[in-house]
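These are my notebook entries on one model. I record what I looked up, entry by entry.

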Amino acid sequence: MEYRKLGSSGLQVSALSLGSWLTFGKLISDAVAEELMITAYEAGINFFDNAEIYARGKSEIVMGKILKKQNWDRSSYLVSSKVFFGLGDAKPNQRGLSRKHIVEACHGALQRLQVEYLDLFFCHRPDKNTPIIETVWSMHNLIQQGKILYWGTSEWDASEIMEAHLVAAQNHLIGPVVEQPQYNMFTREKLEKEFLHLFRHHGLGTTIWSPLASGILSGKYLNGFPDDTRLGAEGLEWLKDKWHRDDLLDKTRKLKIIADRLQTTLPKLSLAWCLKNPNVSTVILGASKVSQLQENLGALDTQTIVSDAILQEINLILGNTPIQPEY
Ligand code: NDP
């Protein structure tokens, strides 16, 4: 396993990590979830990603039981939660980034995950209705209390992250060290353009999500629609509409030709492409089967055969290279 610094923090995170969205407590059995975590841990993965909203708290419960049963040394892994969406209940104060919800969400996650502290706690989305200083103070206090070690944001834009940094600096508080954005071959603007200033001048780390665009970039939708996949799952029609598009499938078909030529697989090439970006601290993998995780772990080796010439060839197919700002 390769380990990378989480931005300018002192934390080391495995270049590949494991997430639980739509899988733990939902589309896969608890037994498969356990096998996934064991396979990941034994391969050197040290970061498990979670959130209060995933399966409305059930994902954290499943992960917590596995962590307890495996009894791995607590210092050997990182576990996260995210606050914003609550458990899906819609009463006032049961979601958002107020001090009340942040503190209650943290306590809830600690209970469900059965751990004494969270290594990373993310603000899952920006909250336009809470003053940023209240959110920054709440996160700082949780760190002071030893309930979380680092905090970050997810799907915030650059100006919101910058504001959090400024507010923290002005008040001598601990600011966010990490952002969790979507990043894959079809979604590039934030990582490759918008955040460049934050990477250069604020040492922002990133834990990137949906590296395979929910499975489209695995290539498995190229010849018909396979059974038993995420994009065919009931209730996820919105996700199918988002990704199962002719233009994206056409590009995926062309990318597969490159993967074949390199004698690798498309999932490995797609993940290696994410890993090649030095501003990615960790690529969070999702998997519904242990065989997928085993294949995806091979992306670490595939990195070495993705040359600059190959990256250029990929760019030509994708046609979405962000235009870099001039410095
Ligand atoms: P991916 O885009 O990699 O999608 C993972 C899914 O793709 C798997 O569950 C599986 O679905 C399919 N798949 C994976 N590997 C293969 C393979 N080798 N061959 C064929 N199919 C494969 O990642 P996720 O969307 O799951 O995101 C990863 C993590 O990021 C999440 O678990 C979560 O922790 C985090 N996340 C964070 C968000 C945020 O807002 N902060 C939002 C979303 C995710 P199937 O077999 O069912 O088709």
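I began with Asn277, which I placed in the loop between helix 11 (266-275) and strand 10; helices (H or I, at least four residues) and strands (E, at least two) are DSSP runs, numbered from the N terminus. The model is predicted, so that local features need pLDDT of at least 70 and side-chain atom pairs count only at pLDDT 80 or more, while totals for chains, interfaces and linings use all residues. Residues are numbered from 1 along each chain as its sequence is written, and side-chain values use heavy atoms, with hydrogens and water left out.

I found Asn277 buried, at a relative accessible area of 11% (buried is under 20%, exposed over 50%, partly exposed in between; 1.4 Å probe, protein chains only). Not counting residues up to four places away in sequence, Asn277 touches Arg4, Tyr183, Leu191 and Glu192 (contact means heavy atoms within 4.5 Å).

Leu16 has Val283 as its bridge partner in strand 10. Strand 9 (residues 205-208) also runs parallel to strand 10, joined by two bridges, and I found Thr207 bridged to Thr282.

Last, I located Gly203 in the loop between helix 8 (196-202) and strand 9. Gly203 counts as buried at 18% relative accessibility.

Key:
Two strands pair if DSSP finds at least two bridges between them.
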